[in-house]
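Morning, everyone. I have one protein chain to walk you through today. Please have the display open while I talk.

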Amino acid sequence: MGLSESLAKRKGRAMNIAHHQDLAETTGFPLRVSAAMAARLDMPGVAAQFLPDGRELVVSDLALVDPIGDEVHSPVKGLTHRYPDRVILRATLTCAVHCRFCFRREVVGDAGPLAEADLAAALDYVAARPAIREVILTGGDPLMLSERRIIGLLERIAAIPHVDLIRLHSRIPVVSPERITPALVKAMDLRPAVWMVLHVNHADEIGVEAEGALARLVKGGVPVLSQSVLLRGANDAPEILEALFRKLLMLRVKPYYLHHADLVRGGEHFRTTIAEGQAIMAALRGKISGTALPQYVIDLPGGHGKVPLGPDYLAAGPKGHRIRDPQGVWHDYADPDRGLLRAVKSG
């Protein structure tokens with residue numbers, strides 16, 4: 001590509017983004033796209049996630065300001081304690097990109113890091129409860145913090161003896177891969193173990209630089225999982241998700257969750273039906289190995305937790321059960337005969 005052509009493409013992208021700024025302001029959720037994603041906005045699966053859409057102005061009666069119940073289970077500011085053994089710590093409300101389907105779109109922005117007093121209170125809460133074994137750093141995006149802040153936060157959590165796992169939930173390795181520096185990766189070599197959970201929804205998001213960032217994490221000993229959101233108009237087809245999950249496995253990233261889209265204000269156009277999601281998962285099971293399959297889940301409104309939504313393979317049958325194989329064929333299956341076993345003495 002010649003220099004003039006490259007400049008023309010960059011200018012065209014800048015004009016395209018500027019064209020969407022007014023619409024974003026109308027929706028009440030600012031447009032934010034990282035340089036890496038701006039370079040890929042000509043790809044429909046990328047553009048659908050980050051460019052505003054007039055359909056965001058249509059607000060369903062079902063939509064919620066806090067779709068997954070962060071505030072319902074927030075004993076101190078910035079911390080959600082929904083399950084006995086783990087907490088979510090929203091270290092910052094800033095992101096490198098604004099996903100138009102974001103379940104925290106009502107609070108994500110430029111507020112910056114959690115105030116020191118609030119962070120100290122959250123860490124004190126964790127330290128006072130030995131049942132908490134895992135701290136999940138999210139936001140916003142925790143890797144939007146400065147490298148110094150990230151390393152300091154990891155060290156402060158590591159000082160709590162009963163915490164044996166830290167999870168970083170982030171888009172950064174894909175949307176701003178330059179932030180995954182060797183120094184940051186080295187700082188993740190801690191007790192407790194540090195795991196990365198990457199948010200990525202389409203293979204077109206993953207460029208060469210992102211591949212390099214993920215390689216640095218994996219080679220540095222950081223296990224990497226992925227979570228994706230099922231998005232109507234962006235990735236709601238088995239072949240699109242197959243390409244993503246195969247790509248992730250090649251990069252040594254294990255697909256972990258496929259989320260049913262949340263009841264986000266202005267996000268109704270992204271939602272599939274549950275039956276559509278189950279059909280996609282059933283089609284994927286016949287195409288790719290179990291290693292590549294995430295668990296399809298819904299985060300119940302009101303903070304009631306995640307529930308699997310896998311395809312229904314089980315029905316009642318003449319022998320007790322009928323089980324459907326990946327090709328859609330049903331097979332009879334019987335449970336063990338406890339009466340027969342009781343009739344035979346052991347030994």
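I'll start with the whole chain, then go inside, then finish with some local details.

One caution before anything else. This is a predicted model. Keep that in mind throughout.

So, the overall picture. The chain has 347 residues, and 48% of them count as buried. Its secondary structure comes to eleven helices and twelve strands. The C-alpha trace spans about 80 × 45 × 45 Å along its principal axes. How does the radius of gyration fit with a compact globule? For 347 residues, such a globule would have a value near 20 Å. The chain has 22 Å, which agrees.

Now the contacts. Take those between residues at least 6 apart in sequence. Of these, 73% join residues at least 24 apart. And the outside? The accessible surface comes to about 16,800 Å². Carbon and sulfur atoms account for 56% of that.

Let's go inside. In soluble globular proteins, nonpolar side chains tend to be buried together. Here, the largest nonpolar core holds 82 residues. Which members touch the most others? They are Leu89, Leu137, Met188 and Leu217. Look at Leu89. Leave aside its neighbours within four places in sequence, and its contacts include Gly78, Leu114, Leu153 and also Leu137. Val135, Ile136 and Thr138 are among its contacts too.

Nonpolar residues also turn up on the surface. Leu314, Ile323 and Tyr333 form a nonpolar patch there. Together they have about 280 Å² of accessible area. Ile323 sits in strand E11, residues 320-324. Is Ile323 exposed, partly exposed or buried? Its relative accessibility is 31%, so it counts as partly exposed.

Next, Glu242. You'll find this residue in helix H9, which runs over residues 238-250. Buried or exposed? Glu242 is buried, because its relative accessible area is 16% and the cut-off for buried is under 20%. What does Glu242 touch, not counting residues up to four places away in sequence? The answer is Leu284, Lys287 and Ile288.

Compare that with Val107. This one lies in the loop between strand E2 (86-90) and helix H4 (116-127). At 48% relative accessibility, Val107 counts as partly exposed. Now find Leu241. Val107 and Leu241 are 134 residues apart in sequence. In space, they are 29 Å apart, C-alpha to C-alpha.

Last topic: backbone geometry. Most residues other than glycine have a negative phi, and most peptide bonds are trans.

First place. A cis peptide bond joins Gly139 and Gly140, with omega about 15°. Gly140 is in the loop between strand E3 (134-138) and helix H5 (147-158).

Second place. Arg191 and Pro192 are joined by a cis peptide bond, again with omega about 15°. Where is Pro192? In the loop between helix H7 (182-187) and strand E5 (193-199).

Third place. Arg252 is not a glycine, yet it has a positive phi of about 65°. Arg252 is in the loop between H9 and strand E7 (254-260). That is the helix that holds Glu242. Arg252 is exposed, because its relative accessible area is 53% and the cut-off for exposed is over 50%.

To close, go back to the display and find the two cis bonds, Gly139 to Gly140 and Arg191 to Pro192. Then find Arg252 with its positive phi. Thanks.

Definitions and conventions
Residues numbered from 1 in each chain as written. Predicted model: local features only at pLDDT ≥ 70, side-chain atom pairs only at ≥ 80, totals over all residues. Heavy atoms only, no water. Core = buried A, V, L, I, M, F, W, Y, C linked by side-chain atoms within 4.5 Å. Buried < 20%, exposed > 50% of the residue type's maximum accessible area, 1.4 Å probe, protein only. Contact = heavy atoms within 4.5 Å. Patch = residues over 30% accessible without salt bridge, like charges linked within 9 Å, V, L, I, M, F, W, Y side chains within 5 Å. Areas by Shrake-Rupley, 256 points an atom, 1.4 Å probe, with all protein chains shown as cover. Salt bridge = Lys/Arg side-chain N within 4 Å of Asp/Glu carboxyl O. Helix = DSSP H or I, 4+ residues; strand = E, 2+ residues; numbered from the N terminus. Rg over C-alpha atoms; globule rule 2.2 N^0.38 Å.
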